[in-house]
Every structure is written in C-alpha cells, then in structure tokens.
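Let's take a walk through this structure together. Have a look at it first, and then we'll go through some of its local details.

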Amino acid sequence: MGDHLQVSTATESRATAIELARSVVSARLAAGAQIIGPVTSLFWHKGEFGMGEEWQILFKIRADRYADLERHLLQNHPWEKPEITAVPIVAGAEAYLDWVEATTAPASIKSDD
C-alpha cells in the first residue's frame, strides 16, 4: 500500500461541485469524488463575518499526485482563494486503496482498473 490522502474543497453550488469533481476524476487526479451538501459554512472574508451554503467535495488520491491535484483545483476553481486541504489516510481496506493507487497511476505505469 502506498501513501494516500483525502483532499477537500468546497464550492458555492452543487452544479459547480459536480463540474469540478468531474474534471478532477476525468483527469485521473483522483480515483473518485464524493460531494456532500449543502453544508453551512461560517467564516471571515475580506474583514467581514459571513455565513453561507456550500457543497464539499472529498477526493481520494495518491499522495504523490497532490501537487497536480492542487494545481488543477487552483486553475479550475471559481474562487480566488479556495479551501484546499489534505489529510492522510492512515488506514483503509487494502483492495480499496489498491484501486485508488491503480486508478490514479501515471499513464506510463497504469494497470487495469
């Protein structure tokens, strides 16, 4: 088993979340994406306290693909400073993590999904 991460971001609408998740998974930067929402978010933005509805996206990825995923999200996310955070997956079903590994492997070493 290799090193894996769960990466999260959020968008202002379900449609935007689906579009962003589709672009990431289609590019094989993540094995899959889960969209959760709406969620209520409380935050500071430009010196003002705010509250809004967001849609959270969770990606399961190989740790060595993080930089590529972050770059993709920054280029394709509608927000100027989007939340992009990652936490390590410290344990998981071996078959699932093997699938994440194979699905997101660079094209030169990709195996069957």
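Arginine 28 counts as partly exposed, because its relative accessibility is 29%. Keep in mind that this is a predicted model. You'll find arginine 28 in the loop between helix 1 (14-26) and strand 2. Most residues other than glycine have a negative phi, and most peptide bonds are trans.

Lysine 46 is another non-glycine residue with a positive phi, this one about 50 degrees. Look for lysine 46 in the loop between strand 2 and strand 3 (48-62). With a relative accessible area of 70%, lysine 46 is exposed.

Now for a peptide bond: the one joining glycine 37 and proline 38 is cis, with omega at about -5 degrees. Proline 38 sits in strand 2 (residues 32-45).

On to the rings. How many aromatic pairs does the structure hold? There are two. One is tryptophan 44 with phenylalanine 49, 5.6 Å centre to centre. Their planes are 75 degrees apart, so the pair is edge-to-face, a label for angles over 60. Both partners are exposed, tryptophan 44 at 66% relative accessibility and phenylalanine 49 at 54%.

Tyrosine 96 and tryptophan 99 make a tilted pair, because their planes meet at 40 degrees, with the ring centres 5.6 Å apart. These two are three residues apart in helix 3 (residues 94-103), so about one helical turn separates them. Tyrosine 96 is partly exposed at 37%, and tryptophan 99 is partly exposed at 33%.

Notes
Residues numbered from 1 in each chain as written. Predicted model: local features only at pLDDT ≥ 70, side-chain atom pairs only at ≥ 80, totals over all residues. Heavy atoms only, no water. Phe/Tyr/Trp six-rings, centres within 6.5 Å; stacked < 30°, edge-to-face > 60°. Buried < 20%, exposed > 50% of the residue type's maximum accessible area, 1.4 Å probe, protein only. Helix = DSSP H or I, 4+ residues; strand = E, 2+ residues; numbered from the N terminus.
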